[in-house]
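Biologist: Hi! I'm new to this one, could you walk me through it?
Modeller: Happy to, let's bring it up.
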Amino acid sequence: MPSISEELLLPSTPGKFKDKSHAMHRQFYRCFASTSTMFLWALFLVALTASYLSFQSFVDSGNKYFSAARGGVHWEKQVKTSARVHRRNGFSVLVTGAAGFVGSHVSLSLKKRGDGVVGLDNFNNYYDPALKKARKKLLNSQNIFIVEGDVNDARMIARLFEIVPFTHVMHLAAQAGVRYAIENPHSYVHSNIAGLVTLLEACKNADPQPAIVWASSSSVYGLNEKAPFSESDRTDQPASLYAATKKAGEEITHTYNHIYGLSITGLRFFTVYGPWGRPDMAYFSFTRNILQGKPITIYRGKNRVDLARDFTYIDDIVKGCVASLDTAKKSTGSGGKKRAAAQYRIYNLGNTSPVTVPMMVGILERHLQVKAKKNAITMPGNGDVPFTHANISLARRELGYRPTTDLQTGLKKFVKWYLSYYGYNHGKSSS
Ligand SMILES: NC(=O)c1ccc[n+]([C@@H]2O[C@H](COP(=O)([O-])OP(=O)(O)OC[C@H]3O[C@@H](n4cnc5c(N)ncnc54)[C@H](O)[C@@H]3O)[C@@H](O)[C@H]2O)c1
Ligand SMILES: *[C@@H]1O[C@H](CO)[C@@H](O)[C@H](O)[C@H]1NC(C)=O
């Protein structure tokens, strides 16, 4: 894998030998006591410098193992190469969250049709970073470079815009997951609010300004009971901090559209699933537990009503993302000033056919050919909503969005990937 952590190239922590330092000092002076040893020291230093310099040129000459070192000539070259467009009127797209589930799929799809793609991801450990590294490896094999960094790093993002005049930004980096907000609320504010503003500031200042497509969430519909969920329905009753930060994102992006003329499209994804998916999501952790013979916990709503989700297959979501980029109008500002009214859109991207969680488990049992040990409990009030159901007529009309994969078919593909990636026995021995 073309990444060795930068720490490996740095000296170990100073202070580690603190108690020995006095003795070492004395020894040091004794060594310098005679001129002949001093000459030897000088010779040694010259040799050291020379070998360091040749090592540096070795690094710059394109050895892949040192590609992670940010800001160098080689790094810059990788960014440029990755952003290169290979089709007429193609885009150069900055994809944030590119090592994530949706981001990796969108990046591959754009690259495949000839767009330039530069990824950005901080590889945080909200879920197993090994999976993010494996996605990165897959993207690298298709000549997509992922910069390791945080969307809150304004200087680094400004640097990327200096190197590449991105036509589009596909912003998928976020703290995802509904329940984790109870444990770590600030990670949501950091990535979904502060990070979003930092990214929008960079887009505002860029010349030319890119068009932005970003991931909101179906969770903004919160406690709504009217179904299906339409874009014009109220979204002011979030049931989780995650939903609240996504709703805040919709308001914040509206402001940047209004004041600075940024072209903005927000996509409300409905429970996305598929190969290379997220281990924190139910279909994924259920698969793991079923294979390991462990019980799974199935939440039920009030009055023992089954929870239901409008599960949407990743390839359908990718098509919606790409169509959003294709139909995005140019931003109308420059140098931080707006010139004319710019495009602001919000779309549901769902499947339009909710499936209950027990039915989803039934499909998994059939594909895995293993019976699940089920514990049904009443849903604790930790942010989950009882059901989701998308009205996608707006996206159908304006994006040509037409989901084609039902849960049965999509989960079959997921299970196939899961078994090829982890095998049947993954984690069976541990815990
Ligand atoms: N998967 C779903 O069902 C679903 C549903 C609704 C909305 N969404 C949204 O879609 C987007 C993609 O979701 P996903 O399922 O691929 O999640 P994911 O967690 O797999 O991907 C997000 C990626 O962003 C990165 N990231 C997080 N914070 C970052 C930061 N501050 N700086 C740089 N990188 C950062 C993470 O390391 C991760 O790789 C997210 O915005 C999510 O909220 C997803
Ligand atoms: C779906 O959304 C459209 C707006 O795009 C609206 O006209 C229509 O009435 C909605 N359908 C339902 C069943 O709510």
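Modeller: Keep in mind that this is a predicted model. We could start with ligand 2: around it are Pro-228, Ser-230, Asn-391, Ser-393 and Leu-394.
Biologist: How many of those around ligand 2 are nonpolar, polar or charged?
Modeller: The shell has 2 nonpolar and 3 polar residues, and no charged ones.
Biologist: And ligand 1, which residues come nearest there?
Modeller: Those are Gly-97, Gly-100, Phe-101, Ala-174 and Ala-215, out of 27 residues around ligand 1. By class, that shell counts 12 nonpolar, 11 polar and 4 charged residues.
Biologist: Which helix gives the most to the shell around ligand 1?
Modeller: H4 does, with 3 residues. Helix H4 (101–112), helix H8 (185–205) and strand E5 (211–217) each supply at least two.
Biologist: Changing topic, what is the strand order in the sheet?
Modeller: E3-E2-E1-E4-E5-E6-E13, an open sheet of 7 strands with parallel pairing. At the edges sit strand E3 (145–148) and strand E13 (344–349), each pairing on one side only. On average, neighbouring strands are turned by 20 degrees against each other, direction ignored.
Biologist: Back to E5, how many bridges join it to E6?
Modeller: 6 bridges, with E5 and strand E6 (residues 264–269) running parallel. Ala-215 stands opposite Leu-267 in E6.
Biologist: Nice. Which strands does helix H9 touch?
Modeller: Helix H9 (residues 241–260) packs on the sheet and touches E5, E6 and E13, its direction making about 155 degrees with that of E5.
Biologist: And which strands does H4 lie across?
Modeller: H4 lies across strand E1 (92–96), strand E2 (116–121), strand E4 (168–171) and E5, and runs at about 165 degrees to E2.

Definitions and conventions:
Residues are numbered from 1 along each chain as its sequence is written. Chains are lettered from A and ligands numbered from 1 in the order in which they are written. This is a predicted model: local features need pLDDT of at least 70, side-chain atom pairs count only at pLDDT 80 or more; totals for chains, interfaces and linings use all residues. A residue is near a molecule or strand if its C-beta atom, placed from the backbone, lies within 6 Å of it. Ala, Val, Leu, Ile, Met, Phe, Trp, Tyr, Cys and Pro count as nonpolar, Asp, Glu, Lys and Arg as charged, and the others, Gly among them, as polar. Helices (H or I, at least four residues) and strands (E, at least two) are DSSP runs, numbered from the N terminus. Two strands pair if DSSP finds at least two bridges between them. Axes are lines fitted to C-alpha atoms, for helices over the stretch in contact, and angles run from 0 to 180 degrees between N-to-C directions. Two residues are in contact if their C-beta atoms, placed from the backbone, lie within 7 Å.
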